[in-house]
Amino acid sequence: MKRKIAVLTCGWSSYFLVDFINGLKRAAKDQNIDIYIFDAYDYVEFSGFPNYTGYSIFGLIHYEDFNGVIILADLINNQRVLERERLRVLKAGIPAITINKKLNGFSCIHIDNYSGFYELINHLIKVHGISDLMFVGGQEKSVDFAERYKAYRLALQDNNIPFESEKVISLQGCEYNYAYDWFSHYLKDGKPCPKALVCANDLTAYAIMKVAAENKIKIPDDLRVIGYDDLNYSRYITPALSTVRANAEQAGFEALSRLFNLDGEVLLKIKSLPVFRATCGCAVPATVNQNAIITQLFDFSNKQEAFNSQIDQMNDIFSEAADVFTLLTNLEMFFSRSHKFEGSDFCVFMRSDWSSILINSSENLPQNLSYGPNLQAVCSIQGDKKYLREMIPVRDLVPAKMKAGEESNIFLFIPIFHHSYVHGYFVSKNNLSMLDNNFGYNWTHNFGTCIERFRKKNMYKQMSQQFLKLSTQDALSGMLNRVGLEKLARPYYSQNKKNGLTTVLFFVDINKMKTINDKFGHLHGDLAVKTIAAAVMEVVPKNWLCIRYGGDEFLVVGNSRNYNGEDYCVKITERISQKTKIMKLPYRLSASVGSYLLPSNSNLTLEQAVEEVDKIMYRKKQEFHKNEDKEDK
């Protein structure tokens, strides 16, 4: 039987994470082990508040179903979440290893961010004679960034270089754009450029080099730059970047290799390695194939463009779907033919009540961090082909078909949510492309946003229908009012003609309404209106339009689709008689009813047809008065 390993992480450090997983794969080879990677994404909302809803993905894990756990604790920027998961793992009694941050009761593998970075900075000072250095980093509070900063401080101290706090730049984040904006403004403000910039990661270093080139600052002649991570581009850019290789792949290999052979709490350090290239001033022979660089850049550009196109098409599907059934059908059709990034085996699982959430009319959904007891596969692609929309218990995590086979597999789980409401998750098999360039975050975040847009669209549609109902409904009779005649009856009549249907009209007029009002008061007049209206609506088909045409006049508009020649004139008068018989009214309440049929090829407008049926009704009303006069005599 296969062993199962749970890996908990936060996917922002995608380069590190991919290397680490490759180390896990190397260790799992031929070991009959399945690796389940639960990848959360935290972020800061536009309001400035941190959003930790993505950590709900860890709630899927039943640790007792796993044989071991690896927690990339340094990437999970929420101490409360770490403590919660620590206690759950301890309760399950399974072996666990953390990466880069020690948790009580667990062994820890630590990548020595300090020594490699210290060695590179020390090399910059001693070998190249640089004493004017500036440190550029982000506000990340992780152990690895703290160690890089420590390496900078101690390298200065060991070489008798005074530490100056103004030469430590704390950016909003260690990303390209933050560093680019900072250095651009720094130079624009006329501040002195140091001899060397020590960057906390390679992305920051790339941005510094770009701004330097734009300002005709030569590297390494005028400015030395070093980074950390040794990303692929670091060896290809010109000049090649001096950096540090974190050895994440080896950390992943060691973590899985040692997981089942732990002897107490073990602390293992994996040394980072400095890489000396041209930006620190080393005369390293150029070995770069320019064609390879161009090909890689072109491939990256094409991949990003293809991913953006995939996202745009997903947006269109959600925007254009009129109902839930159409949405699900179109999503399945789309992913059946287009799933380059999602992989050949993947599922989109949603809570079992997902359909009802899509038509929920609340302005904002309440907080929900649970996936519920069961999950619905709204889209399932297995072996590049569409599979059943099956329902599975949440504990199963993936369909049985996806788990089948003897080979070791890697399953990647990413939550789908919007603000604080969890809808479900995306899971893929043996496909890490979602970790590239934060594709996984962008894909699932967009999916969650699309769900909310679809829900809001339905909410506004319901509100619009409710408003239309309120604006077209007569409060006293419950029928449509004259506005309803314009907005609903006209289009209804036009549609009948278009569909080749005969339009059926009935006109109802309360007899002696003025006498009822004058002799018995308007309350009885209102009662008369409500009684006759109720009788009409109880008799005619529910999908016909009933309109209060005037104070005591009612119009019914139907069609031949559900009309078989019934004499509704008689049925309405009989129903009125039945209702009034038990009401014990001090007057006789009745109505005159006229009918008219309009074939689809009729040239009459609806208004002209109403005039015709009104004439018919009026003749019947005259007959009523004549008969009543005879009875009085």
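Mentor: Arg351 counts as buried, at 13% relative accessibility. Keep in mind that this model is predicted.

Trainee: Why is Arg351 called buried?

Mentor: Buried means under 20%. Arg351 has 13%, so Arg351 counts as buried.

Trainee: What makes Asp353 and Arg351 a salt bridge?

Mentor: Their closest N and O atoms are 3.1 Å apart. The cut-off is 4 Å, so the pair passes.

Trainee: Why are Lys514 and Asp518 about one helical turn apart?

Mentor: They sit 4 residues apart in helix H14. An α-helix has 3.6 residues a turn, so residues three or four places apart point the same way. Lys514 and Asp518 also form a salt bridge, with the closest N and O atoms 2.7 Å apart.

Trainee: Are Lys514 and Asp518 buried or exposed?

Mentor: Exposed means over 50%. Lys514 has 61% and Asp518 has 55%, so both count as exposed.

Trainee: How do you know that the length of helix H9 agrees with its residue count?

Mentor: H9 has 14 residues, which should span 20 Å at 1.5 Å a residue. Its end C-alpha atoms are 20 Å apart, so the two agree.

Trainee: Which residues of H9 are buried?

Mentor: Val324, Leu327, Leu328, Leu331, Glu332, Phe334 and Phe335. They cover an arc of only 165° around the axis, so they lie on the same side of H9. The face turned away carries the exposed Phe325 and Arg337.

Definitions and conventions: Residues are numbered from 1 along each chain as its sequence is written. This is a predicted model: local features need pLDDT of at least 70, side-chain atom pairs count only at pLDDT 80 or more; totals for chains, interfaces and linings use all residues. Side-chain values use heavy atoms; hydrogens and water are left out. Helices (H or I, at least four residues) and strands (E, at least two) are DSSP runs, numbered from the N terminus. The expected span of a helix is 1.5 Å times one less than its number of residues. Buried means under 20% relative accessible area, exposed over 50%, partly exposed in between (1.4 Å probe, protein chains only). The arc is that of the directions from the helix axis to the C-beta atoms. A salt bridge is a side-chain nitrogen of Lys or Arg within 4 Å of a carboxyl oxygen of Asp or Glu.
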